[in-house]
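Try each task before reading its solution.

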Amino acid sequence: MSTNQCRFYENKFPEVDDIVMVNVQQIAEMGAYVKLLEYDNIEGMILLSELSRRRIRSIQKLIRVGKNDVAVVLRVDKEKGYIDLSKRRVSSEDIINCEEKYQKSKAVHSILRFCAEKFQIPLEDLYKTIAWPLSRKYGHAYEAFKLSIIDDTVWEGIEPPSKEIFDELKVYISKRLTPQAVKIRADVEVSCFGYEGIDAIKEALKAAEDMSTEQLEIKVKLVAAPLYVLTTQALDKDQGVQKLQDAIEKIEEVINKYGGVCNITMPPKAVTATEDAELQALLESKELDNRSDSEDEDDDSD
């Protein structure tokens, strides 16, 4: 085993009924030879009868060489190193849970491997001193790493190989796992043809902005009357969506008092970087239009 390779978990072998991520190596008469990605690529086999609940017409349609698959462990012979697996006994829920766990384990592995390579130490040393003790305490080292960004007590009782490695590890965890804010946006049309008209619209939109908190700031921008865009940034997408929903309800409450209306043209949703860039471009072009209009008006008055 090379210094930058190691199984993800403390046990050298999986237990019977464990759900594991495998990579298909070869298809033979007996079934498919696979390697267990979380257990340092040890070999296993999915027997032909364990590939599918239905009659097998084409093995290639069920399983392909080079592809990752989720399997359940049927038998483990630790002495001989034989592991029998099943694909047909895996539920859709098992697949979701296994993929989520595998992605977390890969993230932890990547962080530890970075430090192992930088300080030229065996990767297994970092698993033994850091990842596996944290997994015993927190269920998974990934959860502990994420929590450590805001809570230093996570490291109590952990004894890394050196302070230098420990400091580097903490910096790298912070870089890799600090959550990124998601931009949430909603589009509304606000109009009021009553006596208070413009003042009523201003009051309604200001009431929405006043719902801002330190964590969630709400901004309202005019695209082109009567269309307005509400935006916020949130670490928790659902929380951000709910905040904009509450802001829209506040606009409706205020504008309705004056006989106006608020129509939602796009409900609150997380927007991609591309959509956000398009919105910024649109707002800038509208601003230029408004400037040129006001300059034309100044020319006319001259």
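**Exercise 1. Domains**

How many Å apart do the C-alpha centres of domain 1 and domain 3 lie?

*Solution.* Keep in mind that this is a predicted model. Start with the bounds: the domain assignment gives domain 1 as 18-89, domain 2 as 95-177 and domain 3 as 182-293. Then take the C-alpha centres of domain 1 and domain 3, which lie 53 Å apart.

**Exercise 2. Helix H2**

Step two is burial, taken as under 20% relative accessible area. The buried residues of H2 include Cys98, Tyr102, Val108, Ile111, Leu112 and Phe119. Lys104 and His109 are also among them.

Step three is the partners.

**Exercise 3. The nonpolar cores**

Which residues of the largest nonpolar core touch the most other members?

*Solution.* This core has 53 residues, and Leu85, Leu112, Leu134, Phe145 and Trp155 touch the most other members. Next, ask where the core comes from: S1, S2, S4, S5 (82-86), H2, H3, H4 and H5 each supply at least two residues. H2 gives the most, with nine residues. At least three residues come from each of domain 1 and domain 2.

Now look around Trp155. Leaving aside neighbours within four places in sequence, its contacts include Ile130, Leu134, Phe145, Phe166 and Ile173. Ser148 and Lys170 are in contact with Trp155 too. Another core lies apart from the largest one; it has 22 residues, among them Ile184, Ala200, Leu230 and Cys262.

**Exercise 4. Backbone exceptions**

Where are Asn41, Gln120 and Pro226 found?

*Solution.* Recall that most residues other than glycine have a negative phi, and most peptide bonds are trans.

- Asn41 is in the loop between S2 (31-36) and S3 (42-47); its phi is near 60 degrees, and it is partly exposed at 31% relative accessible area.
- Gln120 is in the loop between H2 and H3, has a positive phi of about 55 degrees, and counts as exposed at 68%.
- Pro226 is in the loop between S7 (219-224) and S8 (227-234); a cis peptide bond joins Ala225 and Pro226, with omega about 5 degrees.

Technical notes. Residues are numbered from 1 along each chain as its sequence is written. This is a predicted model: local features need pLDDT of at least 70, side-chain atom pairs count only at pLDDT 80 or more; totals for chains, interfaces and linings use all residues. Side-chain values use heavy atoms; hydrogens and water are left out. Buried means under 20% relative accessible area, exposed over 50%, partly exposed in between (1.4 Å probe, protein chains only). Helices (H or I, at least four residues) and strands (E, at least two) are DSSP runs, numbered from the N terminus. Domain bounds come from an automatic or database domain assignment. A nonpolar core is a set of buried Ala, Val, Leu, Ile, Met, Phe, Trp, Tyr and Cys residues joined through side-chain atoms within 4.5 Å. Contact means heavy atoms within 4.5 Å.
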